[in-house]
Amino acid sequence: MADVSVEVPSPLRTCIAFCEVECVVGCCGIDAVSTDPDLIEDWCHQVGSAAVVEARLQLIELIEVVEDRSRCVTSDFLNHRTHDEAARRELLDFLAALAAGLAAGDASVSGADTWRAGGRPRERPGTRGDQDLR
């Protein structure tokens with residue numbers, strides 16, 4: 001099994017750092033991070049909708065990499081390595097809990113359902129992609 005090292009970009013990185021309440025990931029890995037939805041929602045309110053949407057997209061990409069069982073995933077930032085199926089499951093469970101918290105926080109920040117089936121952002125009226133048409 002080939003190793004692949006993943007980076008965790010911001011704003012997802014800043015969300016994870018914000019949720020380091022048990023310890024720090026450099027010491028305890030993902031066990032240091034709380035996936036409490038209220039804490040994640042606090043982060044969402046601090047950074048705003050655009051950062052939350054970007055973090056959710058980054059998380060989707062990260063989950064796709066971790067789900068590929070042909071590779072051993074390592075992350076220096078998360079201090080985690082999927083050396084066996086239990087370690088992969090632990091990381092996937094953590095990422096799923098983070099995704100659920102971000103989804104709830106996104107709904108709270110945006111005040112509406114901004115996501116469509118397939119996990120991609122729903123375009124808001126008057127916009128097309130990143131362009132504001134107003």
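Good morning. I begin in a loop: Pro11 lies between strand 1 (2–5) and helix 1 (12–18). The peptide bond joining Ser10 to this proline is cis, with omega at about 15 degrees. Please keep in mind throughout that this is a predicted model.

Let me set out the overall arrangement. The protein contains five helices and seven strands. Read from the N terminus, the order of elements is β-α-α-α-α-β-β-α-β-β-β-β. The protein has 134 residues, of which 39% count as buried. Among contacts with a separation of 6 or more, 62% are between residues 24 or more positions apart.

I now turn to the helices, starting with helix 4. Helix 4 covers residues 49–67, and at 1.5 Å a residue its 19 residues should span 27 Å; the C-alpha atoms at its ends are 27 Å apart, so the two values agree. Which residues of helix 4 are buried? They are Ser49, Ala51, Val52, Val53, Ala55, Arg56, Leu57, Gln58, Leu59, Leu62, Ile63 and Val66.

Next, the packing of helix 4 against helix 5. Their axes come within 10 Å and cross at roughly 160 degrees. An angle over 145 degrees counts as roughly antiparallel, and helix 4 and helix 5 are therefore roughly antiparallel to each other. The crossing of helix 4 past helix 5 is left-handed. On the helix 4 side, the contact is made by Ser49, Val52, Val53, Ala55, Arg56, Leu59, Leu62, Ile63, Val66 and Glu67. Helix 5 contributes Arg88, Leu91, Leu92, Leu95, Leu98, Ala99, Leu102, Ala103, Asp106, Val109 and Ser110. By type, the residues of this contact are 15 nonpolar, two polar and four charged.

Is Leu92 buried or exposed? Its relative accessibility is 7%, so Leu92 counts as buried. Leaving aside neighbours within four places in sequence, Leu92 is in contact with Ile63, Val66, Glu67 and Arg69. The C-alpha atoms of Leu92 and Val66 are separated by 7.1 Å, although these residues are 26 apart along the chain.

Helix 3 also packs against helix 5. The axes of helix 3 (residues 37–47) and helix 5 (residues 85–110) come within 8 Å, crossing at roughly 50 degrees. That angle makes helix 3 oblique to helix 5. Here the crossing is right-handed. From helix 3, the contact involves Pro37, Ile40, Glu41, Trp43, Cys44 and His45. From helix 5, it involves Ala97, Leu98, Gly101, Leu102, Gly105, Asp106, Ser108 and Val109. The contact of helix 3 with helix 5 comprises eight nonpolar, four polar and two charged residues.

There remains the pairing of helix 3 with helix 4. How do these two helices pack, and at what angle? The angle is about 125 degrees, and the axes are 6 Å apart. Helix 3 is thus oblique to helix 4. Trp43, Cys44 and Val47 of helix 3 meet Ser49, Ala51, Val52 and Ala55 of helix 4. This contact has six nonpolar residues, one polar residue and no charged residue.

Finally, I move to the region around strand 3. Asn79 sits in the loop between strand 2 (71–75) and strand 3. Its phi is near 55 degrees, a positive value in a residue other than glycine. Asn79 has a relative accessible area of 38%, which means that it is partly exposed.

His80 is found in strand 3 (residues 80–81). With a relative accessibility of 12%, His80 counts as buried, because the cut-off for burial is under 20%. Beyond its neighbours within four places in sequence, His80 is in contact with Ile30, Val73, Thr74, Ser75, Ala87, Glu90 and Leu91. The C-alpha atoms of His80 and Leu91 are separated by 7.8 Å, with the two residues eleven apart along the chain. Leu91 also belongs to the contact of helix 5 with helix 4.

That concludes the presentation. Thank you.

Technical notes:
Residues numbered from 1 in each chain as written. Predicted model: local features only at pLDDT ≥ 70, side-chain atom pairs only at ≥ 80, totals over all residues. Heavy atoms only, no water. Helix = DSSP H or I, 4+ residues; strand = E, 2+ residues; numbered from the N terminus. Expected span 1.5 Å × (residues − 1). Buried < 20%, exposed > 50% of the residue type's maximum accessible area, 1.4 Å probe, protein only. Axes fitted to C-alpha atoms, helices over the stretch in contact; angles between N-to-C directions. Parallel < 35°, antiparallel > 145°, perpendicular 65-115°, else oblique. Left-handed = near helix turned anticlockwise from the far one by under 90°. Contact = heavy atoms within 4.5 Å. Nonpolar A, V, L, I, M, F, W, Y, C, P; charged D, E, K, R; others polar.
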